[in-house]
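Hi,

Here is the model I said I would pass on to you.

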Amino acid sequence: MPFEEQLLDALASVPSWLATVVLSALPISELRGAIPIAIGVYGIDPIDAYLLAIVGNMLPVIPLLLFLDPVSSFLRKFRIGDSFFNWLFTRTRQKHSRNMERYGTLALTLFVAVPLPVTGAWTGCAAAFVFGIKFRHAMMAIAAGVMISGIVVTLVTLAGMGAIDLLN
């Protein structure tokens with residue numbers, strides 16, 4: 001059974017609003033997966049699905065922003081952890097530092113807002129940590145990106161469902 005089906009089976013006994021919040025809080029699905037499931041599978045009103053997904057997607061942001069630095073500091077005490085974080089920071093800064101220096105929190109907002117794989121709130125928190133963006137700025141940028149992404153995903157979901165209805 002595919003992972004997505006296992007996840008939906010595990011959430012079958014949970015109220016649909018809570019399942020939507022949980023799905024949007026997970027790094028695998030975030031709101032990009034939660035909104036289509038909420039609207040298409042659970043039959044939740046699109047505005048309610050959007051709001052629930054925003055809440056769920058933002059739930060892990062505060063702990064991630066607060067604890068990524070202490071956790072990485074602890075892990076850097078070990079050779080493998082230090083090697084990993086040196087590699088991660090060097091690679092990320094080489095690939096993205098020009099855009100982050102130039103556009104700062106706007107770049108972070110747009111990065112989170114683009115509803116593609118490996119973008120979103122979880123990765124946005126990691127990017128904010130790697131680039132040293134202060135908590136308040138990172139929080140606002142990620143929240144704005146999540147809201148924009150939620151609008152895009154909701155509209156695409158509704159358009160897709162409308163197109164399917166036209167074909168039937």
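Below is what turned up when I went through it.

One thing to keep in mind throughout: this is a predicted model.

An unreviewed UniProt entry carries the annotation "transmembrane region" for residues 49-68, 103-133 and 139-164. Two of those spans are worth checking against the coordinates. Residues 139-164 are 100% helix and 0% strand, with end C-alpha atoms 37 Å apart. Residues 103-133 come out at 65% helix and 0% strand, and there the end C-alpha atoms are 12 Å apart. Part of that span is the loop holding V118, which runs between helix 7 (105-113) and helix 8 (121-130).

Helix 9

Helix 9 takes in residues 135-167. How far apart should its ends be? With 33 residues at 1.5 Å a residue, helix 9 should span 48 Å, and its end C-alpha atoms are 47 Å apart, so the two values agree. Its buried residues are A138, M139, A141, I142, A143, G145, V146, S149, G150, V153, T154 and T157. If you want to see what they touch, colour the partners: these buried residues pack against helix 3, helix 4 (46-58), helix 5 (61-75), helix 7 and helix 8.

E30 is not a glycine, yet it has a positive phi of about 45 degrees. You will find E30 in helix 3, which covers residues 30-40. V118 is not a glycine either, and its phi is also positive, at about 70 degrees. V118 has a relative accessible area of 65%, which is over 50%, so it counts as exposed.

The second largest pocket

Both of those residues turn up again here. The lining of the second largest pocket consists of P27, I28, S29, E30, R32, L116, P117, V118, T119, W122 and T123. Helix 3 and helix 8 each contribute at least two residues to that lining. By type, the lining divides into six nonpolar residues, three polar and two charged. The space in the pocket is about 170 Å³.

Cheers

Note on methods
Residues numbered from 1 in each chain as written. Predicted model: local features only at pLDDT ≥ 70, side-chain atom pairs only at ≥ 80, totals over all residues. Heavy atoms only, no water. UniProt positions renumbered as here; feature names shortened; annotations may be inferred. Helix = DSSP H or I, 4+ residues; strand = E, 2+ residues; numbered from the N terminus. Buried < 20%, exposed > 50% of the residue type's maximum accessible area, 1.4 Å probe, protein only. 1 Å grid on protein atoms, 1.4 Å probe; cavity = no way out; pocket = protein on both sides within 12 Å on 5 of 7 lines; lining within 4 Å. Points joined across faces, edges and corners; volume = space filled by probe spheres on them. Nonpolar A, V, L, I, M, F, W, Y, C, P; charged D, E, K, R; others polar. Expected span 1.5 Å × (residues − 1). Contact = heavy atoms within 4.5 Å.
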